[in-house]
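Here is a briefing on one protein model. Look at the sequence and the structure first, then read the points by topic.

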Amino acid sequence: MDPYYLRKEVSNSDLSSLKELLYPKPVFGDKYRAYAFGSLLDYMITEPHKVDYYALTCEGQSWNYMQEDFDLAKEMKKAYYKDQFCRMISENADFQSISISHDFPIVHNEFEFQLSAGVRCKWDLLVRKWKMGGDIKSTMAKTQKEFEQACDFFDYFRSRAWYMDIEGTNDDMLIGISKVNQHVFKIPIKRGDKLYNYGKSQYQDLSFKYWMLVDGFAA
């Protein structure tokens, strides 16, 4: 396993796990298969040296991939690199870069606190000289509107504000690649705009609940 996932700092995934406990909701489809496929696509774009196209495996992944998984992911990767913006940011980005803060102030209803273990995130795309990052998502969405709705449903705006604040970036791009028609969708997020503020309010609320319900026991 990647040592990053053994670190003690709180991640956006930790916040998601708490939300699932507090507010369970129906799960549509096989989320583990969807996660495994998303990881495959990420590997192909950001860590291609870890992909074995002959054995149909990815380093550090135990999922049993099928040839059709690889064929689809390859088509989606082609679509990604045909997009001018995606190609440009990938040419300048650090892939799978890690940001960590042990002095990360969070404000919830004018109450400021910190998570004792600190916070962390791992970027698909990070261009520090531009103060910009990005996240690549595989999606069943067929249109821009459907992708925007999916981003809201899966709390992707929360994750982007979380990443932006830990690293101190000013701009971000959510990039979706359709598994259905290989269309590429992009949602820009800028510090202080509606989507950033929306995502930040979400992580502030969940972080407060984490601080109240988990942090004291984990310290």
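H1 and H7 each supply at least two residues of the nonpolar patch. Helices (H or I, at least four residues) and strands (E, at least two) are DSSP runs, numbered from the N terminus. This is a predicted model: local features need pLDDT of at least 70, side-chain atom pairs count only at pLDDT 80 or more, and totals for chains, interfaces and linings use all residues. Residues are numbered from 1 along each chain as its sequence is written, and side-chain values use heavy atoms, with hydrogens and water left out.

**The surface patch**

- The patch consists of Leu21, Leu22, Tyr23, Met212 and Leu213.
- Together these residues have about 530 Å² of accessible area (Shrake-Rupley method, 1.4 Å probe; for residues, only the protein chains shown count as cover).
- Patches are made of residues with over 30% relative accessible area and no salt bridge; like charges are joined within 9 Å, and nonpolar side chains (Val, Leu, Ile, Met, Phe, Trp, Tyr) within 5 Å.
- Leu213 sits in helix H7.
- Leu213 counts as partly exposed because its relative accessibility is 46% (buried means under 20% relative accessible area, exposed over 50%, partly exposed in between; 1.4 Å probe, protein chains only).

**The nonpolar cores**

- In soluble globular proteins, nonpolar side chains tend to be buried together.
- A nonpolar core is a set of buried Ala, Val, Leu, Ile, Met, Phe, Trp, Tyr and Cys residues joined through side-chain atoms within 4.5 Å.
- The largest nonpolar core has 29 residues. Leu15, Phe104, Leu115, Cys151, Trp162, Leu174 and Tyr203 touch the most other members.
- Helices H1 (12-22), H5 (144-153), H6 (156-167) and H7 (194-218) each supply at least two residues of this core, and so do strands S7 (119-122) and S11 (184-190).
- H6 gives the most to this core, with seven residues.
- A second, separate core has 26 residues, including Leu56, Ala73, Val127 and Ile177.

**Around Asp165**

- Asp165 lies in helix H6. Asp165 is buried, because its relative accessible area is 14%.
- Leaving aside neighbours within four places in sequence, Asp165 is in contact with Phe104, Arg191, Tyr196, Lys200 and Tyr203 (contact means heavy atoms within 4.5 Å).
- The side chain of Asp165 makes a polar contact of 2.5 Å with the side chain of Tyr203, and one of 3.4 Å with that of Lys200.
- A polar contact is a pair of N or O atoms within 3.5 Å; within protein, one must be able to donate a hydrogen and the other to accept it, and residues adjacent in sequence count only if both atoms are side-chain atoms.

**Salt bridges**

- Side chains of opposite charge can pair when their charged atoms come close.
- The structure holds 19 salt bridges (a side-chain nitrogen of Lys or Arg within 4 Å of a carboxyl oxygen of Asp or Glu).
- Asp155 pairs with Lys19, with the closest N and O atoms 2.7 Å apart. The two link distant parts of the chain: Asp155 is in the loop between H5 and H6, Lys19 is in helix H1, and they are 136 residues apart.
- Asp155 is buried, at 10% relative accessible area, whereas Lys19 is partly exposed, at 25%.
- Asp205 forms a salt bridge with Lys209, with the closest N and O atoms 2.8 Å apart. Both lie in helix H7, four residues apart, about one turn of the helix.
- Asp135, Lys137, Arg160 and Asp172 are linked in a network of salt bridges.
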